[in-house]
Structures are given as C-alpha cells and as structure tokens.
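This report concerns the arrangement of secondary-structure elements in one protein model. Please consult the sequence and coordinates shown here alongside the text.

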Amino acid sequence: MASALAHRGPDASGVWADEAIGIALAHRRLSVLELSTAGDQPMTSACGRFLIVFNGEIYNHLELRRELEESVTWRGHSDTETLLAAVAAWGLETALKRFVGMFAFALWDRRQRTLTLARDRIGEKPLYYGVQGDAFLFGSELKALRAHPEFHGEIDRDALTLFLRHGYVPAPYSIYKGIHKLLPGTYLRIAAGQGLSSRSVGNPTVYWSAREVAEVGTREIFRGTKAEAERELARLLMQSTAGQMIADVPLGAFLSGGVDSSTVVALMQTQSTRPVKTFTIGFHEKAYNEAEHAHAVAAHLGTEHTELYVTAEQTMAVIPRLPALFDEPFADPSQIPTFLVSELARQHVTVSLSGDGGDELFGGYNRYLWATRIWRRAGWLPSSMRGAIAAVMTELPPSAWSAVFSSFARFLPSGWRYADSGDKLHKLAEVLTVRTPEDIYKGLVSHWRQPTTVVVGGSEPSTVVSDTSRWPDLPEFTDRMMYLDLVSYLPDDILAKVDRAAMGVSLETRVPMLDHRVIDFAWRLPSSMKIEKTMGKWLLRQVLYRHVPRELIERPKTGFGLPLDDWLRGPLRGWAESLLDERRMVQEGFLNPAPIRTKWAEHLAGRRNWAPHLWIILMFQAWLLASGI
C-alpha cells in the first residue's frame, strides 16, 4: 500500500505494525522539514503512547514547541514531533484547534487502543477510508487502498451521477462503494476490537466548522474603514505567507500574473533576501496564454522567473497519465496545465506556494457577479417571459455570439468582457427559468443537468449544494454562493487538482490564502469590500497594488484553460470517438449512450461547444479503462 504512494514520498519509507492487535501504519516521506532520520515516520511520541503517520505541514510548530519545550526532550526539529507532543500534552481536539497548517494523519493511541483519522480545516490534504471485507483501510489516495487484497472496488453509480453534475466526486463520497473521503475540519475515531462495517465505524466529529465561521463572521461584521481593512488583510496575509515559507529545501511559487498568485509572490518577495523562484506555463494559443502577464509581474517584483511554453502535442501527451494521476474520475481540464507547471517547478524546488482560495474568500468568480445580476434584473419576471428571453438568446450558436461580443469588446466595461462569451450566454439562458436564486447557482456549477438520465441505475445523493438544511444562515445571495464554493468546489475540485498534480511529481504545495485566520477575517468583511460594482476581490487588489501597478493586473478573468473544444474536433477526435463508442458504453453498462452521442454529434458539427460535458464522460471512460473494471 505504501509503495503505491511512492510518488508522494520518494525520500524515505517506514512501516510499523502490531500483529496482536491487528493494526499497521505505513508512510512514504517527502523530506521538507528535518531532513535527517529524526523526521522519519511512523513516529512514536516521546511519552511512547502515540504513533502517527502524517502528510502535510504544521506551519506554527516552532511557536508550539516553545510552549511545550519544558516537558519534552526533542529528538529533532520536525513538525511531526511537535504534533505528537501537542496531542500528548493537550489532547487531540485542543491540539487540532491550535494547529495552523494542512494535514491528514492517522494517530494510534496505545493506551486507549483507538485509531484517529484527522484532516485539516479546509481540505488541502486528502484522506480516504472505508471497510473492505475484514479490513478498515485508509490512505492519501485510492491507489493505496486498491493495493490491499481485501479491496474489491465496486463502482458507486450514485457517486457517478454526482461526478457528471460537478466534474468531480464531492466528499464524503468516492467513486467506490463503501469508501469515503474524510470531510475537512473533522476527525474519525474507531476502537480496536469493535465490529467492522460502514455503519459501525460511525460519523466523523467536527472540530472546525466553515458554516459557523461564516455565520459568526456575517453577524460580527468588520466596522473599520477600508484603509483599516486593507492593513489588517495585509498583516494576516504577510503572517500566513511567512509561516508557509519555512522549509529545509528549495521553495518557490506558481505565478499566473493574476491577482491571487501575484499577491502571494509579492508578499514572499517582500520577506525574502533573495529573488523568489517563480514558475509559469505558457501556451502558443493567445486566448489561453497568461505567461506574458506573469512575466511582467515577475520582472516588476524581481523574481527568478522560469517559464515554459508548451505545444499542443506536449499538453495532450499528459492525457494518458490522468487516470493514474488523479486516481478517481476528475474532469477539470485545468488539471493538465496544473500538472505541467508542477512538473516545471519540481525541476527547481521541492515546495511551491500557490494563490488558490482568493476567489472563494474575496468574491473573485464571475458567477458571483452574473448570478446576482440575473436574479435582480430578471427574477421578478414571469417564468414564461424568462423562457421566451432564453429562447431568443439561444437562436444564435455560441460561436456567433462570441463574434458579436468580440466586435463590441472595446466599447464594453472590463467587467463585461469574458472569454467564451457565447457559451456563457447560452449557459445564462439555461438558468433564466429557475425559481430561486440558489437554483441559478446550482445551474451555473452543474454540467450534466440531469445526470440520472445518463448514468444507468444511478440516483443522485444529496450534497451540501443540494441540501438546503446544510446551508448557513447568511442574508446575502453572494455570501451563500461563496460559502458553497468554499466547502465544495474549493476542496473537491481546486485543492484536489493541485494536490494530485503536484504530488504526482513529488512537489509539495502550500496555500497562504487558506490560513484559517485569513478565512475568519474574510467572512467578517462586508460584501462591498469584496465586490465593488463589476470588480471582484476589491480588498485583495488593494493589498496587491501596494507592490504591483494595477495596469499589470487589470484585465478580464480567463482562468487556466485549454482549447479542448478544438482539440476534440481535431487531434483528440480519434481518442474520444473510441471512448464514446456506443457499443462500448452499452457493454460497459454504466452510461446511457444516447444523450452522450447527441452532444458529441452537435460538438463535431460546431453547433455547440459541449467540451466540458464531453470531457467529464471521457475522463470517466479513460479512468474505467485504466482501472480494468
């Protein structure tokens, strides 16, 4: 099982087992802090009571050490040793609440004969678990669980319906029946000797609640001036970035030239005595290339910048590696450039900081602007009239609308300029007839709208997006969207993508925006400090403009995209046709080929850009083929 995760930890390995009890812990180590054997795992606490296998970093471990040093004789200076000492001194839950970091760990308590699995607050590090046969299995990736002889791996058709809707399998589900993702901000404890079944394992305990943070924050709103808010955010981000720059190995950062990554790099450079190493992937297709913007920011900040322009052939060469890399079906196309920039960075550093989290915390996604405007301006109209408007909007194909918007782009304010404007207009038409503003959000984050008609024998289980009883009490629609993104799209798509892509090449990534103290403050900010008119991330931009001129940053949001629509009609057509073969899908028995083949035909004819929908199907089919099921 540990060997299956060698890419996550190429530097050392270790196994501990107690055959009498029937428990084993295994670890693969990527050495980042304490490079000597004093940091090897599984590690036993100084008191001998606890053993741990731990993936991640505790950024404030030196501060915690100073509190603990009178009662502990340290063997080294690893954060793993600090984690164990904190649990031994303060108890598990108190220690968890005091940790500033990203982590997933398994902790064996010899005295109580209990095993505890725990995951960080926001879900930066993955942790799967479940009962298979007579064994309780857990690990950072599914491939570790699949290596166990008791693993039987039956595909969960209900989870597959969720995958078709979202492009990822949301926690706590996984693609396999009986295997779960531990939810962020929770821990799960089981006792040796208890009967093993999915039911007997029980439910995780919450030690940090994003819902509570959001509700408290909006009740205890920040009352200071914009200037005071800017200073406080700058202080918190500086503190977070400084903590995450601690490493005993080379460290750098991803840089796209956008607001989030530029802010992180600017704060790193402010606190570094030498040029920060920054990395960017460039594309020859101008519409998808951000390397020029990143180069300009890097030049202004004086970083040691490395960029690599990749061809379409180099990019597409990654596709056969995706099933093994992501381990379960995953269909965010930016998984490919994320892997490429991780591969580039790993040639120079072992740790790379990223700017993820800024959109969810500070109102950066276009949907926060679109959805609110749609409901404010059209929600009062009768549904029949909204349906008529939607029909008019879909009279022209997306390509024609994109051409129209392109012709008038110079006359539009920057907040109205979007890449793929025609497809966004068609998506807007699809959500015009909804009943509530939340239905607009669900429509905007859905790909296949009726996935149960595509998955044979599948039904759609509830998630935090669909179950309103799990939503916080937040007065503003924009806040509700940001919350849902924070607890679903961010951990299950964005953070999962970065973790698998980077750890696939043995690169550790860190995310300063997701320090829980930054999250707490972000929820206390009034909406006007996040979104001002047509500009998202307003306050975050003010922090950035202390270091980078706004003219290097101000441009329409593009994302980390690829010309998948053209590739599927061109060089990827043969590969896609093989995976979308009707007889093949019937024989496999998971997907109803009729709606899929309809979209494929429309896409090939150029009538619609169905690339996002088709990519989801293709990623499942490619994963299914690779898994040998």
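The sections below treat the basis of the model, a sheet, helix packing and salt bridges.

## Basis of the model

The model is predicted: local features require pLDDT of at least 70, side-chain atom pairs count only at pLDDT 80 or more, and totals for chains, interfaces and linings use all residues. Residue numbers start from 1 along each chain as its sequence is written, and side-chain values rest on heavy atoms, with hydrogens and water left out.

Helices (H or I, at least four residues) and strands (E, at least two) are DSSP runs, numbered from the N terminus.

An open sheet is formed by 6 strands in the order 3-4-5-6-10-11, with antiparallel pairing; two strands pair if DSSP finds at least two bridges between them. Its edges are strand 3 (43-44) and strand 11 (205-206), each of which pairs on one side only. Strand 6 (residues 114-119) and strand 10 (residues 186-191) are joined in the antiparallel sense over 5 bridges, and Thr114 stands opposite Ala191 in strand 10.

Helix 2 (residues 79-90) lies across strand 3, strand 4 (50-58) and strand 5 (101-109), and runs at about 125° to strand 4. Axes are lines fitted to C-alpha atoms, for helices over the stretch in contact (heavy atoms within 4.5 Å), and angles run from 0 to 180 degrees between N-to-C directions.

## Packing around helix 21

Helix 7 (residues 210-219) packs against helix 21 (residues 516-524) at an angle of about 45°, with the axes 7 Å apart. The two helices are therefore oblique to each other; angles under 35 degrees count as roughly parallel, over 145 as roughly antiparallel, 65 to 115 as roughly perpendicular and the rest as oblique. Val213, Ala214, Gly217 and Thr218 in helix 7 meet Ile519, Asp520, Trp523 and Arg524 in helix 21.

The axes of helix 8 (residues 226-244) and helix 21 come within 9 Å and cross at roughly 165°, so helix 8 and helix 21 are roughly antiparallel. On helix 8, the contact involves Ala229, Glu232, Leu233, Leu236, Leu237, Gln239 and Ser240; on helix 21, Arg517, Val518 and Phe521.

## Salt bridges

Across the whole structure, a search finds 35 salt bridges, each defined as a side-chain nitrogen of Lys or Arg within 4 Å of a carboxyl oxygen of Asp or Glu. Asp109 and Arg49 meet through their side chains in a salt bridge (2.8 Å, N to O). This pair links distant parts of the chain, 60 residues apart: Asp109 belongs to strand 5, and Arg49 to the loop between strand 3 and strand 4.
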